[in-house]
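Morning, everyone. Please bring up the model on your screens, and keep the sequence beside it.

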Amino acid sequence: MEKKEEVKDKEEILKEKEENNKEEKDTDIKKKDNKNEQKIDLKEETIKTQEETRTEEKAEKKEEVKQEELKDQTTEDEPIKEESEKVEKIKIDTNKQEKEESSKERQEVLDKKEQNKTEIKEEINKAKQEDDSKQEDKIVNTVKAENKKTKASKQSSKKSSNKNIAKVMAVIIAVVAIAFGIYFLTLNTLKISAINEIDNIFSALKSGDEESIKQYLGTETAGEMSENLNDSNSKEMAKAMLNKLEYEIISTDVSFKECEIKLNISNKDLKKVFENYMKKVFSLAISQTFGKMSEEDFNAQLLENFKEQYESDSVETIKNEISIKLTRENGKWKINSDENKLVNAILPGYESVLEAIK
């Protein structure tokens, strides 16, 4: 507030100085105008005196002419007439000359007056311009000096305030950075835990454990697999079906309670495996009916054929892209996705095989 009042006082002082300078200018201009008017008056008086002297000379000439006329009256009539005619001619000539001279003189006087007026005006304008430029330079210099002082004071105050602001901003930035760091660290740990859960799921499935199959693929799928496969060979066949299972994580989108992971899952075509398997079943079944093969050998050869299908290059490996959703409950991730889509991605052709068996 004190600085603002000082600035206001300085502005008022400058305004007073400007008003004083204007008054001084006006007085100087008035003085110059008076001087110029006096010069014009003197010139006009000199011109008048010259005109008066000329008129007096003309009057004297006229009197001389009159006196000559009176002298000539005493002479005879003829020479009088001649002389009178001469005198009249002289009068006419003199009048013409006087008129021409007077008109020329008047024109010269008027021209001189105009020249004097223009010269005086030019001098006045020059003087005004010089005075105005000088006064403006003075005012500008004073204003600049005052502005420099005010700027210096403002800069000093700004520097001190900027230091305080910088300290506060540094604290705020540090707090925000810590908060963001904690946030991203927690998200990163959740992401890692979700990926670990996917790794655990697929490693458990590849082991062929029946409990893992029930947990991750659902009890219905596990029951169908054990029901449709031979009881003695079901576990070994389940292991063979999941032995070639591979997966690749494409992307993860994690939050505090949910996570969505995109995967590329690849495995042998189960439909093709079962087509080849059923052909082997029919051929072996014929030999068994004729008593050429025991039941144990029959089951062993079927299992061996089933495993060979998964090792064969003739059976295509199919890739499927799938999104698995996980939800976090009690600090643990659980699968919350469509079981059918997951099963068909892990066991390509499972639905068609199931329909063919039914």
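Start with cysteine 259, which stands opposite leucine 326 in S3. That is one spot where S2 and S3 meet. These two strands pair in the antiparallel sense over 11 bridges. Pairing here takes at least two bridges found by DSSP between two strands.

A word on what you are looking at. This is a predicted model, so local features need pLDDT of at least 70 and side-chain atom pairs count only at pLDDT 80 or more, while totals for chains, interfaces and linings use all residues. Residues are numbered from 1 along each chain as its sequence is written, and side-chain values use heavy atoms, with hydrogens and water left out.

Helices and strands are DSSP runs, numbered from the N terminus; a helix is H or I with at least four residues, and a strand is E with at least two. How many helices and strands does the chain have? Nine helices and four strands. From the N terminus on, the order is α-α-α-α-α-β-β-α-α-β-β-α-α.

Now the sheet. The four strands form an open sheet in the order S1-S2-S3-S4, with antiparallel pairing. Which strands stand at the edges? S1 and S4 do, each with a single partner strand, so one side of each is left without a neighbour in the sheet. From one strand to the next, the twist averages 30°. Axes are lines fitted to C-alpha atoms, for helices over the stretch in contact, and angles run from 0 to 180 degrees between N-to-C directions.

Strand S1 covers residues 246-254, strand S2 covers residues 258-268, and eight bridges join them, running antiparallel. Tyrosine 247 stands opposite isoleucine 265 in S2. Aspartate 253 stands opposite glutamate 260 in S2. A hairpin takes S1 to S2 through three residues.

Strand S3, residues 317-329, pairs with strand S4, residues 332-335, over four bridges in the antiparallel sense. Arginine 328 stands opposite tryptophan 333 in S4. This is a hairpin too, with two residues between the strands. In its turn, asparagine 330 has a positive phi of about 55°.

What lies across S2, S3 and S4? Helix H8, residues 339-346, running at about 140° to S3.

Next, the rings. A pair of aromatic rings is described by the distance of the centres and the angle of the planes. Rings of Phe, Tyr and Trp (its six-membered ring) pair if their centres lie within 6.5 Å; planes under 30 degrees apart count as stacked, over 60 as edge-to-face and the rest as tilted. The structure holds five aromatic pairs. One of them is phenylalanine 274 with tyrosine 277, edge-to-face, at 5.8 Å centre to centre and 65° between the planes. Both lie in helix H6, residues 270-289, three residues apart, about one turn of the helix.

Phenylalanine 274 also pairs with phenylalanine 306. Their centres are 5.8 Å apart and their planes at 80°, so this pair is edge-to-face. Phenylalanine 274 lies in helix H6 and phenylalanine 306 in helix H7, residues 295-311, so the pair ties together parts that are 32 residues apart in sequence. Ring pairs link Phe274, Tyr277, Phe306 and Tyr310 into a cluster.

Phenylalanine 274, at 11%, counts as buried. Tyrosine 277, at 10%, counts as buried. Phenylalanine 306, at 0%, counts as buried.

For contrast, take arginine 106 in helix H2, residues 77-206. Arginine 106 counts as exposed because its relative accessibility is 57%. Arginine 106 and isoleucine 47 are 59 residues apart in sequence and 9.4 Å apart in space, C-alpha to C-alpha.

Last, the whole chain. Buried residues make up 24% of the 358 residues. A contact means heavy atoms within 4.5 Å. Among contacts between residues at least 6 apart in sequence, 70% join residues at least 24 apart.

Technical notes. Buried < 20%, exposed > 50% of the residue type's maximum accessible area, 1.4 Å probe, protein only.
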